[in-house]
Each structure stands twice: as C-alpha cells, then as structure tokens.
Amino acid sequence: MKILVVGDWHSELHEEAVSNAFESLGHETIRFPWHHYFRQKQDDLLSGLKAFTGRIQNKLIAGPSVFCLNSDFLSVALSQKPDAIFIYRGTHLLAETLRSVKSKLPGVVLIGYNNDDPFADGYSKLLWRHFLAAVPVYDLMLAYRHHNLEDFRQAGAKRVELFRSWFIPQRNKPVGLTPEDLERFECDVVFAGHYEPDGREELLERIVGEGFNLRLFGPEWENAISQSPILRTLAPVVPVRGDDYNKALCGAKIALCILSKLNRDTYTRRCFEIPAAGTFMLAEYSDDLASMYREGVETEFFRSKDELINKLHHYLADDEARLAIAAAGKHRVNEDGHDVVSRVKQVLSWVAEVKQTS
C-alpha cells in the first residue's frame with residue numbers, strides 16, 4: 001500500500017514514528033511535512049520580516065503560506081495517487097482541499113488523527129477551525145481518548161475509532177547510564193513533561209518540600225519556576241528529547257505521570273513510555289488508566305497529594321517491591337501491544353474495512 005503521511009512534523013515522535021511503522025510493515029510512504037512553510041532563517045532584515053510573518057500566519061492559520069501548503073499538498077496527493085492519506089493533527093488543511101482530493105481520487109482513504117482535544121475549552125477557536133470543518137470529509141477519524149469518540153460523531157465524522165498514543169521500542173527501553181549521565185539524570189523522582197496551570201506545580205512543590213530528590217524536565221516551566229521559591233532551586237528546567245528523554249526516565253527510581261486537564265486526558269503517551277523504559281510509574285488515577293494497568297501490581301496511582309507522598313515514601317524505601325512493579329509494568333505494555341507498530345497495524349485493518357465498504 002502507498003501511504004501519504006502529512007503533518008507539521010515538529011517532532012520525531014509523531015508523524016515520523018507513524019511513517020517508520022508503516023514502512024516496517026512493508027508499505028511505501030511519502031512524507032509531506034509543513035512546518036517549513038512557516039519557519040525562515042533570519043540572516044538579514046528581509047528574512048527576519050519573512051520569519052515574523054510566517055509565525056503570524058502559522059498562529060492564525062491564515063495567509064498565503066497556508067494556501068501554498070494546501071496547493072502543494074493537493075499536487076503531491078494527485079501526482080502520487082496514494083491508497084491512504086494519514087493526516088496528523090490536520091490544523092492547516094482546509095476542508096475544500098480534502099474534498100478536492102476525494103473528488104479526484106475517490107478510492108483514497110483519508111485518515112485524521114489528533115492527539116490534542118479539539119473539543120476542550122481553553123484552546124483558541126482559531127486553532128481548530130479548519131480541522132473541525134474538515135471532520136466530515138475524512139473517511140476514518142482516530143480519537144485519542146474515549147470522550148472524543150462521541151465528540152467526533154457529533155462533528156459529523158463518518159467513522160471514528162479509538163487510537164491511543166504509543167511507545168517506540170527503539171527509543172523507550174531500559175539503558176545503562178554513564179557517570180556523566182548519572183550526574184544529569186539520577187534521582188528519586190522525575191517528571192518530564194510540559195507545564196500547565198492545572199496544579200502540577202503544587203504537586204512538585206510538595207515533593208521537593210518533603211525532601212525528595214526531584215528532577216524536572218520539560219517546556220514552558222520558566223514562569224512557574226520563577227514564581228515558586230521551592231521549585232526555583234530546580235532551574236533551569238529544559239526539555240529533554242530523544243536519548244536524553246529516555247535516560248531521564250531510566251535515571252529515576254520513580255517517574256511521575258500527570259494528566260493534562262487542558263486536553264481532558266485520561267491517559268497520556270508517558271504512561272506507555274515510562275513502563276517501556278523499565279521504570280516504576282506513579283500516575284495520577286483515572287478509570288481509563290486503571291483499565292490498562294493493575295494497581296499495586298503493574299503500576300501505582302495517586303488520587304491526592306497525600307497519597308502521592310505516602311507512596312513515594314513507601315516505594316523508595318522498598319526496592320524489591322518497586323522493581324517488581326516496574327518489571328510487571330514493562331511486561332504489560334509489551335503484552336498489550338502499546339508500541340507504535342501494533343497501533344499502525346490496527347489502523348491498516350480499519351483502512352481495509354473502509355475500502356471494503358466504500
């Protein structure tokens with residue numbers, strides 16, 4: 001099968017991982033990244049002005065670069081004639097562009113996926129307007145979380161399936177750390193994730209206040225850190241990516257999984273990556289997560305700050321119990337096929353069903 005994979009492509013964890021998974025199963029892929037339409041080198045005044053206007057167009061999702069992107073995407077689709085098009089977080093593709101693809105390539109299966117929650121309050125209405133307008137055009141819409149299944153149906157989706165995020169076996173795995181790595185990553189507790197004003201800084205303040213050795217990594221923490229006398233000691237807080245992200249998980253005795261309230265998450269990608277790295281996961285409780293892991297056997301959950309602190313004390317004092325749960329969690333994440341290739345196999349089976357019924 002020939003599959004066109006489309007998206008912003010700002011991270012190797014998303015579109016690239018999907019493309020590689022399709023290829024590992026013997027399919028041909030064509031990549032169409034769009035981030036470069038909005039990012040310009042700033043060598044002089046003119047290029048600086050172009051870079052500025054590119055950022056504005058990208059934020060507003062309007063302007064000549066957006067129309068150029070859509071025109072180029074249409075040209076690639078019509079010239080390559082793929083069997084399926086997988087569009088990752090299609091914020092910048094217009095409904096009329098997708099309708100043109102379907103009218104000229106009626107056999108192609110349009111697949112839409114969005115790891116964010118376009119129906120949640122708190123996002124700019126500008127961000128999702130093109131994506132939501134195009135929902136009825138897709139042949140198969142993949143929902144990241146359960147409550148988005150009905151959201152997409154209400155938005156006019158033809159078919160919706162639950163498609164969870166994943167771990168990448170080549171990236172998320174137990175690794176030994178060098179003395180230099182241990183200097184950067186060894187700790188009692190790690191949280192590697194973005195800042196969001198949902199109370200997560202208060203959880204981390206409590207952990208530091210209790211005297212645990214916490215390491216914090218992730219984007220957008222600058223303001224929260226600067227305003228917290230307790231967390232300020234952790235500065236600078238920076239994102240870790242690639243091998244460093246995996247080392248950050250492997251260097252910790254316990255890795256935290258905190259759920260995004262902005263996205264109304266009931267699980268997150270981290271809940272697969274942490275067990276895959278062989279690290280003990282202490283996650284914020286949700287019924288969804290509890291349906292995937294046995295509490296006290298394959299992972300641990302917290303429902304309050306006090307429970308979080310009590311379980312940190314307990315499991316940091318009991319190496320045998322902590323390591324047993326980490327090993328059982330790793331077995332579970334592999335056994336249940338939470339890796340990216342297993343996910344993509346499921347997509348291919350849905351694509352086959354769509355083709356049979358169309």
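What follows is a chat about a predicted model.

Colleague: What should I know about the model before I start?
Modeller: It is a predicted model, in which local features need pLDDT of at least 70 and side-chain atom pairs count only at pLDDT 80 or more, while totals for chains, interfaces and linings use all residues. Residues are numbered from 1 along each chain as its sequence is written, and side-chain values use heavy atoms, with hydrogens and water left out.

Colleague: Which residues have the most contacts inside the largest nonpolar core?
Modeller: They are Phe86, Ile111, Leu142, Trp166 and Leu289, in a core of 56 residues. A nonpolar core here is a set of buried Ala, Val, Leu, Ile, Met, Phe, Trp, Tyr and Cys residues joined through side-chain atoms within 4.5 Å, where buried means under 20% relative accessible area, exposed means over 50% and partly exposed lies in between, using a 1.4 Å probe and protein chains only.

Colleague: And which helix gives the largest share of this core?
Modeller: That is helix α15 (residues 340–357), which supplies seven residues; helices (H or I, at least four residues) and strands (E, at least two) are DSSP runs, numbered from the N terminus.

Colleague: What does isoleucine 111 touch?
Modeller: Leaving aside residues up to four places away in sequence, isoleucine 111 touches, among others, Phe86, Tyr138, Leu142 and Val351, with contact meaning heavy atoms within 4.5 Å. A second, separate core has 36 residues, including Tyr37 and Ile61.

Colleague: Is isoleucine 61 buried or exposed?
Modeller: Isoleucine 61 is buried, with a relative accessible area of 2%, and lies in the loop between α2 (45–60) and α3 (64–80). Although isoleucine 61 is not a glycine, its phi is positive, at about 50 degrees.

Colleague: Where is arginine 89, then?
Modeller: Arginine 89 sits in the loop between β3 (84–88) and α4 (95–104), and has a positive phi near 55 degrees in a residue other than glycine. Arginine 89 is partly exposed, at a relative accessible area of 24%.

Colleague: Changing topic, in which sense do β7 and β8 pair?
Modeller: Strand β7 (residues 187–192) and strand β8 (residues 214–217) pair in the parallel sense over four bridges, where pairing requires that DSSP finds at least two bridges between two strands. The chain crosses from β7 through helix α8 (residues 200–209) to β8 in a right-handed β-α-β crossover, meaning that, with the strands pointing away from the viewer, the path from the first strand over the helix to the second runs clockwise.

Colleague: Which peptide bond is cis?
Modeller: The bond from alanine 235 to proline 236 is cis, with omega near 0 degrees, and proline 236 is in the loop between α9 (222–226) and α10 (243–250).
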